[in-house]
Amino acid sequence: MADVNTASAAFLATIPSPDQGVWHIGPVPIRAYALCIIAGIIVAIWLGERRWVNRGGTKGTVIDVAVFAVPFGLVGGRLYHVITDNQLYFGEGKNPLNALKIWDGGLGIWGAIALGAVGALIACRRRGIPLPAMADALAPGIVIAQAIGRLGNYFNQELYGAHTDLPWGLEIYQRYNPTNPDDFLNGIAIGHVPLPDSPVHPTFLYELIWNLGVALLVIWADKKFRLGHGRAFALYVAGYTAGRFWIEMMRTDTANHILGLRVNVWTALLMFVAAIAYFVLAAKRGPREAPETLWSKDVPREDADSASAEGASETAETHAEVAAAPDTVRDSAADKATEDPKPDAEK
């Protein structure tokens, strides 16, 4: 009985892994990793659309941008993974065609952001809107999407750290695939037989929590300081890479190294420095972009004028309320207007 109680206590003090990450409906595989990626994209578009409209942009623009950015991003993410882990796909005994199997996992966020930005640039130019402003609107949603995507790593039982005795250690199990013994990704854990290093640091969870914190930071800073010209996006990159730097060094999965450090550690460091530099330099470009510059060129001008009139009406109503208020209230409102003369589109 004591052994049973000890085993139960040990189990409750750790995080169990799912038995599998792939289910089949007939011949069709349903992959948790893919579902998490899709869910993340939906959340990013939804939040990005709200933020874009609040800034004065045309409703529906974010969806149009996503039509270009998402496919470009998926291709870029896969390209980065294949290039940095090319030994998995090329060389003696390897099948280069496996590089096309994006459903088997393997997406690099650096490539996804880089090539996704190219797709977004194409869409923004077609709409006649500035890419930096769009990037600012999308930034929190992107990092939340990354957090949701990390749940896919949990289901795939991958990208974890070394052995740990901490209460939140992750239990990892042997998975079996009767059709292909070497294919653990599509296997099922039978009997919950632990792997030798189990339990391990759930680095996917560390990054998930960190990413949500970065999203809150960007939303707060953007609203308080009215960041523009790509500075909110730069803050997201700096915040994300700061966390990725130390989390990456905890991971134990196979990776290429440069001067003793994993490739992604170097990439995180370089991107952090670049993001901080951009954040500082872009401040010289002045206040946040004017709302009228965010209106899509293919939208009838009368619609834009109508939106501007509505905004002017709201401003006039606010001024009327202040004028009718007691002197102490008017003085407080005047002080606030002096501190921030531009209306906050985020509020």
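The buried residues of helix α4 pack against α3, α5, α7 and α8. In this predicted model, the buried set within α4 comprises Ile-109, Trp-110, Gly-111, Gly-116, Gly-119, Ala-120, Ala-123, Cys-124 and Arg-127. The length of the helix fits expectation: at 1.5 Å a residue, its 19 residues should span 27 Å, and the end C-alpha atoms lie 26 Å apart, which agrees. Just after α4, Gly-128 adopts a positive phi of about 75°.

Thr-241 belongs to helix α7, which covers residues 231-248, and is buried, with a relative accessible area of 1%.

Turning to charged pairs, a search of the whole structure finds ten salt bridges. One of them joins the side chains of Asp-64 and Arg-127, with an N to O distance of 1.9 Å. Asp-64 lies in helix α3 (residues 61-84) and Arg-127 in helix α4 (residues 109-127), so this pair ties together parts that are 63 residues apart in sequence. The two partners can be set side by side by their accessibility: Asp-64 is partly exposed, with a relative accessible area of 31%, whereas Arg-127 is buried, at 12%.

A further salt bridge is formed by the side chains of Arg-288 and Asp-222, at 3.1 Å from N to O. Here Arg-288 comes from the loop between α8 (263-282) and α9 (301-324), while Asp-222 lies in helix α6, so the pair ties together parts that are 66 residues apart in sequence. Both Arg-288 and Asp-222 are buried.

The side chains of Glu-248 and Arg-244 meet at 2.7 Å, N to O. These two residues are four places apart in α7, and they are therefore separated by about one helical turn. As a general point, an α-helix has 3.6 residues a turn, so residues three or four places apart point the same way. Glu-248 is buried, as is Arg-244.

The peptide bond from Ser-198 to Pro-199 is cis, with omega near -5°. Pro-199 sits in the loop that runs between β4 (188-194) and α6 (203-225). Leu-159, although not a glycine, has a positive phi of about 55°; this residue is found in the loop between α5 (131-156) and β3 (173-176). Leu-259 likewise is not a glycine and has a positive phi of about 55°. Leu-259 is placed in the loop between β5 (257-258) and β6 (261-262), where this residue is exposed, with a relative accessible area of 77%.

Conventions: Residues are numbered from 1 along each chain as its sequence is written. This is a predicted model: local features need pLDDT of at least 70, side-chain atom pairs count only at pLDDT 80 or more; totals for chains, interfaces and linings use all residues. Side-chain values use heavy atoms; hydrogens and water are left out. Buried means under 20% relative accessible area, exposed over 50%, partly exposed in between (1.4 Å probe, protein chains only). A salt bridge is a side-chain nitrogen of Lys or Arg within 4 Å of a carboxyl oxygen of Asp or Glu. The expected span of a helix is 1.5 Å times one less than its number of residues. Contact means heavy atoms within 4.5 Å.
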